Amino acid sequence: MERRRSRIRAAWPSYPDLVAGAPLWGMQMLVSAMLGLYLRNGLETSRLAEVAALYFLGGLLAWPFALPTARFLAYGKPPEARFAAFFVTLIAATIAMTAFLFAMEYRIFYSRWHAPFGSGIWVFQFIFTSISAVYQFLVIGLRLFLPLGLVCLVVSSYYLAKRMR
């Protein structure tokens, strides 16, 4: 038990890495989404600000979960394993957080037609509305992370793996 605590303490990122990294990762995801939109339809969408906010916040809020998790998984491992840990946790956390935020926005929109909060029907509606939203995000929204998001992911994972000893 004590060994695990010392590993967690040793793997915990510095405060500047945690605080400064979040907006940097959020900006990378924002730029990636905007480039993806530009390449697909020349940024012609009626919801450009909302899309920008969604991808920025997805990256911003994913970072504080991804960085400590990746550092914990990568602690004491060779560089290739550290790279893989950062790569997998950054991509999983970013997609999960962005999909979650999309689902909550989706839920807010449809809530006016749903049953009162806390009822059995409300729970059913909440679950299936959220599942539908996540599915839609995975089908439609993931494309906006490409091509630049993949480049940002590889470069960031490489940088973080090299920095961690």
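Okay, let's start with a definition: patches are made of residues with over 30% relative accessible area and no salt bridge, where like charges are joined within 9 Å and nonpolar side chains (Val, Leu, Ile, Met, Phe, Trp, Tyr) within 5 Å. The areas themselves come from the Shrake-Rupley method with a 1.4 Å probe, and for residues only the protein chains shown count as cover. A salt bridge, in turn, is a side-chain nitrogen of Lys or Arg within 4 Å of a carboxyl oxygen of Asp or Glu.

Before we use that, two bits of housekeeping. This is a predicted model, so local features need pLDDT of at least 70 and side-chain atom pairs count only at pLDDT 80 or more, while totals for chains, interfaces and linings use all residues. Residues are numbered from 1 along each chain as its sequence is written, and side-chain values use heavy atoms, with hydrogens and water left out.

Val-123, Phe-124, Ile-127, Phe-128 and Ile-131 together make a nonpolar surface patch of about 470 Å². One of them, Phe-128, sits in helix H5, which covers residues 120-141. Helices here are DSSP runs (H or I, at least four residues), strands are too (E, at least two), and they're numbered from the N terminus. Phe-128 has a relative accessible area of 44%, so we call it partly exposed. The cut-offs are these: buried is under 20% relative accessible area, exposed is over 50%, and partly exposed is in between, with a 1.4 Å probe and protein chains only.

Now zoom out. How many helices and strands does the protein have? Six helices and zero strands, so to speak an α-α-α-α-α-α pattern as you read along the sequence. The C-alpha atoms fill a box of roughly 50 × 45 × 25 Å along the principal axes. There are 165 residues, and 36% of them count as buried. The accessible surface is about 10000 Å², with 71% of that belonging to carbon and sulfur atoms. And take the contacts (heavy atoms within 4.5 Å) with a separation of 6 or more: 78% of them are between residues 24 or more positions apart.

Still in H5, have a look at Val-134. Val-134 is partly exposed, because its relative accessible area is 30%. Setting aside residues up to four places away in sequence, Val-134 touches Ala-99 and Ala-103. From the C-alpha of Val-134 to that of Leu-18, 116 residues apart along the chain, it's 27 Å.

Next stop, helix H4, where we find Thr-98. Is Thr-98 buried or exposed? Thr-98 is buried, since its relative accessible area is 0%. Its contacts, not counting residues up to four places away in sequence, are Leu-54, Tyr-55, Gly-58, Gly-59, Phe-137 and Phe-145.

Arg-82 is buried yet has no salt bridge, and the nearest side chain of opposite charge, Glu-80, is 7.8 Å away. For charge, Lys and Arg count as positive and Asp and Glu as negative, with His and the chain ends not counted.

Side chains of opposite charge can pair when their charged atoms come close. This structure holds two salt bridges. In one, the side chains of Asp-17 and Arg-163 meet, 3.2 Å from N to O. That pair links distant parts of the chain: Asp-17 is in helix H2 (residues 15-41) and Arg-163 in helix H6 (residues 148-163), 146 residues apart. Asp-17 counts as partly exposed because its relative accessibility is 22%, and Arg-163 does too, at 44%. There's also Glu-50 with Arg-47, whose closest N and O atoms are 3.8 Å apart.

Most residues other than glycine have a negative phi, and most peptide bonds are trans. Leu-43, in the loop between H2 and helix H3 (48-74), has a positive phi near 65 degrees. And a cis peptide bond, omega about 5 degrees, joins Leu-146 and Pro-147, with Pro-147 in the loop between H5 and H6.
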